[in-house]
Structure formats: structure tokens, C-alpha cells
Amino acid sequence: MASLSERASAPRRPLPALVLAAVLACLATVSRAQAPSCAWGDGVALPGGDTRDVLIASDGAAGLLAITWRVNIGTTYVSTLRLHHVMEQGRLDPAMPADGVVIMSASLVPDRPEYTGVRAVPDDAGGAYVLLRACISTLAHLRCWEVAEMRLLHVTGQGTTVPGWPAAGRVLDARGSPDPRDVVDIVPDGAGGVIAAWVDTANYVIQSPPVRAQRFAADGTMLWPGGLDGLDVLSPQTLRFKLKVAGDGAGGCVVVTSQLVQGSATRNELKAGRVDETGGLPWTSVGKVVMTQPTSSADVQALAVDAVGRSFVTAVLTPVSPGQSRFCTNLLSSLGARLWTLAGVDLGATNGASGPAFATPVGFLSVHGNVDGTPWLQLQEDTGYPYWGGVPDGIAADWVDTPPSHRPLVTPEGHVISLWQSSAPPPTQVRGIELDESGATLEGWPSPWAVVCGDNIGRILLDALVSGPHVFAAWSSDELSGVEPLVQRLTRAVLGVDDTRPTSALELGSPMPNPTRGAWSATVSVRDASDATLEVFDIAGRRVLERELGVLAPGRHVLKTETGGSLAPGVYRVRVRAGVRSAERVLVRLR
């Protein structure tokens with residue numbers, strides 16, 4: 001397995017020259033983010049009884065949609081999904097019932113309520129797509145996955161069903177009943193619709209369940225072949241009931257699964273399949289190998305697709321012989337070619353827990369639990385080299401918890417806001433921090449122990465999201481039963497002054513976006529006032545552009561560029577010189 005531990009203490013290497021261009025007109029500006037203020041007081045309570053979970057989505061403005069999943073326990077278990085609309089002013093929509101609008105419900109198998117799960121993603125019109133998966137049989141002799149059901153529904157922000165959708169939702173996979181465990185997910189398609197992907201566990205008896213997917217328009221029209229049975233995306237061998245899907249922003253998606261390959265050399269590997277906007281399979285139904293190892297298991301953890309179609313995958317690899325599981329990552333090009341090693345980039349030992357992954361404007365973000373349960377954040381460059389912390393693990397926050405309760409969020413400017421529930425020191429509280437592109441704490445967040453919205457003792461973080469200048473969060477008490485969960489809007493302020501001093505004499509952030517077809521920007525931080533120059537070199541080392549930036553005051557500056565077309569598509573080195581120091585980054589220009 002490829003390890004970066006031997007490079008942990010080595011100085012950062014110059015980035016290799018690749019290919020790019022642009023005409024630069026640089027304007028030095030400065031920004032600083034303050035700690036968020038709590039716009040909704042102590043939070044908005046969501047009434048309605050016993051709550052198992054809360055999912056939140058932006059309403060497209062400064063309000064929030066909250067979907068509560070409640071289970072009423074009596075002679076039978078009944079799972080109910082209710083939609084609440086919290087308006088910009090921090091109050092529940094008076095046009096809706098106080099306890100929310102019931103949008104879906106299902107009876108559960110009394111002894112298997114844990115197999116029920118909910119997914120929700122926003123549409124582009126202030127509504128949401130909701131997926132309920134449940135073990136609904138009352139026949140004791142049947143296994144749960146033989147009688148499970150997946151129902152997908154599209155609702156407006158007022159809780160009404162969008163025309164074209166059945167009131168009870170569409171039942172996915174008409175030919176069989178899928179296992180309701182971790183084998184189904186939904187993502188926005190980037191055009192107002194939704195993509196659902198699942199494992200057809202009706203075929204599990206033959207140990208080769210295919211992965212299927214279907215794309216739905218906002219009005220419920222199915223856009224890919226296969227109808228409700230779905231389109232065959234991958235035909236893996238022995239599947240490990242793991243599936244991750246991410247939209248490519250252009251109507252297609254990438255799906256990754258974990259599988260066991262048996263033969264003369266038994267191994268575990270991650271396989272990826274791609275579906276384009278029309279339902280075509282550019283990588284074929286065989287898919288592409290993301291990572292492979294002779295391990296006892298290789299479980300996909302998270303998946304993210306960036307603006308140019310590259311797929312960032314995280315996984316936990318467990319060795320065959322006694323040893324510690326490792327957290328590894330890999331990157332595929334839009335054509336499915338591996339850009340890092342076949343074994344993946346090893347970011348360190350893990351307790352098996354992990355969080356979501358993001359393709360940020362400056363790199364690829366992941367979170368995993370160390371062996372002691374401490375979550376670590378890491379940002380990797382295009383080369384796979386770990387950018388944060390100087391070690392493969394990355395940046396460890398000063399709390400002890402597990403990543404499932406840790407919600408990293410990426411802001412439009414590429415900052416990372418991390419919210420988590422912390423019980424060290426007691427009591428349990430929701431805390432947060434904001435990091436810039438270099439992983440440094442922004443002013444206004446004095447330490448990773450900053451308590452979000454004052455006194456929130458005894459609360460469990462349920463969900464969080466970022467939408468423009470706002471951060472939304474949902475939390476409840478340590479004991480969810482009988483307690484009304486709360487939602488909160490945190491407002492971030494971006495000011496025009498930055499009096500923080502960088503830790504290094506000169507720092508140059510990664511260009512954003514990268515690759516680019518036109519304008520891009522990059523941050524430059526100087527510790528002392530310096531006369532600075534910007535230079536761009538082609539792959540042959542020729543200087544193709546030079547701009548004087550003038551004297552930069554101490555602090556962080558943003559260099560913005562105009563759309564340019566005078567340089568050919570390719571890979572270029574961007575260099576900033578300040579005094580006797582210089583820093584370089586790679587910028588790629590597309591056609």
C-alpha cells in the first residue's frame with residue numbers, strides 16, 4: 001500500500017509543471033470571516049413527537065426545509081416523514097400544520113425498525129426529493145431484504161406532492177425488493193431532477209447483485225432506460241453492501257461499490273461506474289477499478305465529483321492478517337483513469353469511521369477517525385499529496401468523538417466549516433470552527449472549542465449544510481425520544497479588513513477553479529509588507545506572463561484574473577515572488 005509517512009516530515013516539494021494559461025489582471029483585495037451569529041435565537045423547535053432523525057435542505061432563500069423521521073411505537077411500528085418549513089424570520093410557516101405536513105409513512109417489521117432509513121436532497125425550486133427505505137413485511141418467515149421497499153417522492157416547500165408523482169411516492173426496482181441497508185442513495189442531477197442508485201438485492205441469492213440507477217425529471221419522468229427497474233450500471237461479483245453515488249453536475253453520475261474478487265488471488269477492490277446524462281455508460285458496465293488490495297475488506301466510504309468530472313473516492317482497507325485498518329483515497333479522471341496509485345494514497349490508521357468527502361476549489365477534502373476516535377481533516381492536492389498539517393493524517397481537532405457526528409461543510413470561497421458534537425470535556429455540546437484554504441483557523445473562531453450559539457448543553461448534532469452566507473444546523477438532546485429537535489441558522493460575515501498574520505512568510509493558495517476555461521483567483525498571504533510580482537511559465541519553462549502586484553500589506557490577499565484566451569490550453573506554473581521568497585502553484589487551462 002502506498003504510504004506517505006516517509007514524507008511526513010520532509011519539506012513541501014515544488015509542484016510539477018503541467019499545462020495551462022490565462023490573461024491575468026490582478027486586483028489585490030482582502031477578506032476575513034467572522035464567527036457566525038445565531039439568527040434564530042435559541043433555535044426553532046420542530047414539534048411532533050418521538051424523533052429518530054432530522055434532515056435539512058435550503059429552501060432556496062434564507063429559510064430551511066426540515067424533514068423529521070418519526071417512529072410511532074404501538075402494536076405496530078409506523079414510520080412517518082413530516083416536512084417543516086422554517087421561514088427566514090426564524091418561525092414555522094403558518095400555512096402548514098404546527099407539527100409539519102405528513103409526506104410519507106410506512107408500517108415496519110416490529111423487530112427490524114433499524115433497517116429503515118431516510119435520504120433527502122433539495123431540488124432547484126425550494127422543494128425536496130425524499131427517499132424512504134423500509135422493511136415492511138409482517139411475514140416472519142421472510143428475510144427483511146426480501147420484503148423491503150424503497151419509495152421516492154418529490155414535494156414542494158409546502159409539503160404538497162409535485163404534479164406527476166404518486167402521492168405515496170414511486171416504488172423503485174419493480175422486479176424485486178431491495179435490502180434497505182446501506183445500498184441505496186439519491187443525489188441531485190444538476191438540472192432540477194434527481195438520480196437514485198441502488199443494489200438489486202433481489203439477485204443476492206446468486207451472489208452477484210447488479211447496481212442499478214434511474215434519473216427522474218422534476219415532473220417524475222424517467223430519463224434513462226430501464227424504467228423503475230433501473231439501468232444496469234455495474235455488475236460486480238460478491239458485493240459487500242456498500243454503495244456511494246455522486247452527481248457530475250451535468251445530468252450524469254458516478255457510482256462506486258465495494259466487491260470481493262475470488263480466484264487464484266482473492267482480493268478486495270472498489271469498482272466505479274459512470275452514467276452520462278442520456279443513460280449511456282462511457283466506462284462500460286464492467287466499470288473502472290478505483291483501488292485494489294489483498295485485504296479482508298475494502299469498504300467505500302465517500303465519493304465526490306469535481307467541476308471537471310474527476311471522482312474522489314475514500315475507503316477503509318482492512319488487512320488480511322492482524323493489523324490496523326487504513327484510510328485511503330484515490331482520484332479518477334473523467335475518463336476513468338486512475339490519477340493516483342492502484343493501492344490508493346494512505347492517510348493513516350483508522351478506527352473504521354469516516355465522514356463525507358468534498359471536491360473543494362483548492363483540493364479534495366476528507367475526514368476519518370483515528371484509532372483513538374479523533375476525527376482528522378485532510379485536504380489533498382491534485383497529485384494526492386496531503387496539503388494540511390504536514391502529515392498524511394492532516395489536521396486533528398482538539399476533541400474526542402467519532403466522524404459520524406462531525407459535519408464538515410465547504411463554503412463557496414473554499415473555506416471549511418466543521419461542526420461537531422463534543423463530549424470532551426463534558427457535557428456534550430455542538431461546537432465548530434472555520435478553516436481557510438491552508439487549514440488555518442480564521443479569526444472569530446478562537447479555538448476548536450468554540451461553542452456554537454452559546455449554551456447548547458446536552459445536544460446531538462443531526463445535520464448541517466451551507467447555503468450562500470448561511471450555515472444551517474439541526475440538533476437535539478442526548479435522548480431523542482420525546483424531545484423536539486431544534487434547527488438554527490448561523491450567518492457568516494465577510495469583512496473588508498484582514499489583520500491576521502500568516503504563519504509563513506509567503507503562502508500561495510491553489511488557483512480556483514482549477515482547471516479553468518477563463519477567470520480564476522488565488523490567495524496570497526505575506527507576513528511582512530513586500531513588493532510582489534506574479535509570473536506564469538509554460539511547460540517548457542518559458543515565462544509567458546509577468547505582472548507587478550505592488551507592495552502587499554501583511555495579511556491575506558485575493559488575486560483575481562480576467563477571462564483570458566491569449567495563452568493556449570495546457571499546464572502552467574503560477575509563481576508569486578515577494579522579496580527574496582517565492583511560491584508556486586499549477587494552473588490548467590482547458591479549451
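Two strands count as paired if DSSP finds at least two bridges between them, and strands themselves are DSSP runs (E, at least two residues) numbered from the N terminus, as are helices (H or I, at least four residues). With that in hand, strand β14 (residues 194-199) and strand β15 (residues 211-216) pair in the antiparallel sense over 6 bridges. Please keep in mind that this is a predicted model, in which local features need pLDDT of at least 70, side-chain atom pairs count only at pLDDT 80 or more, and totals for chains, interfaces and linings use all residues. Residues are numbered from 1 along each chain as its sequence is written, and side-chain values use heavy atoms, with hydrogens and water left out.

**The chain as a whole**
- The chain has 42 strands and 0 helices.
- Of its 591 residues, 56% are buried (under 20% relative accessible area; exposed is over 50% and partly exposed in between, with a 1.4 Å probe and protein chains only).
- Among contacts (heavy atoms within 4.5 Å) with a separation of 6 or more, 55% are between residues 24 or more positions apart.

- Ala197 stands opposite Ala213 in β15.

**Strand β19 and its partners**
- Strand β19 (residues 267-275) is largely enclosed by the rest of the structure, because 8 of its 9 residues are buried.
- Strand β18 (residues 253-261) runs antiparallel to β19 and is joined to it by 9 bridges; Cys253 stands opposite Val275 in β19.
- β19 also pairs with strand β20 (residues 288-293), in the antiparallel sense over 5 bridges, and the bridge partner of Asn268 in β20 is Gln293.

**Two buried serines**
- Ser258 sits in strand β18 and counts as buried at 0% relative accessibility.
- The side chain of Ser258 reaches the backbone nitrogen of Val300 at 2.8 Å, and a polar atom of that side chain lies 3.0 Å from the backbone oxygen of Ala298.
- Ser366, in strand β26 (residues 363-369), is buried with a relative accessible area of 1%.
- Beyond its neighbours within four places in sequence, Ser366 is in contact with residues including Phe312, Leu347 and Trp376.

**Salt bridges**
- The whole structure holds 13 salt bridges (a side-chain nitrogen of Lys or Arg within 4 Å of a carboxyl oxygen of Asp or Glu).
- Asp99 and Arg82 meet in one at 3.3 Å, N to O; Asp99 is in the loop between β7 (77-86) and β8 (101-108), and Arg82 is in strand β7, 17 residues apart.
- Asp99 is partly exposed at 30% relative accessibility, whereas Arg82 is buried at 18%.
- Arg543, partly exposed at 48%, forms a salt bridge with Glu535, with the closest N and O atoms 2.8 Å apart.
- Glu535 is buried at 2% and also meets Arg575 in a salt bridge at 4.0 Å, N to O.
- Salt bridges that share partners join Glu535, Arg543, Glu546, Arg575 and Arg577 into one network.

Conventions
Polar contact = N/O pair within 3.5 Å; in protein donor to acceptor, adjacent residues only side chain to side chain.
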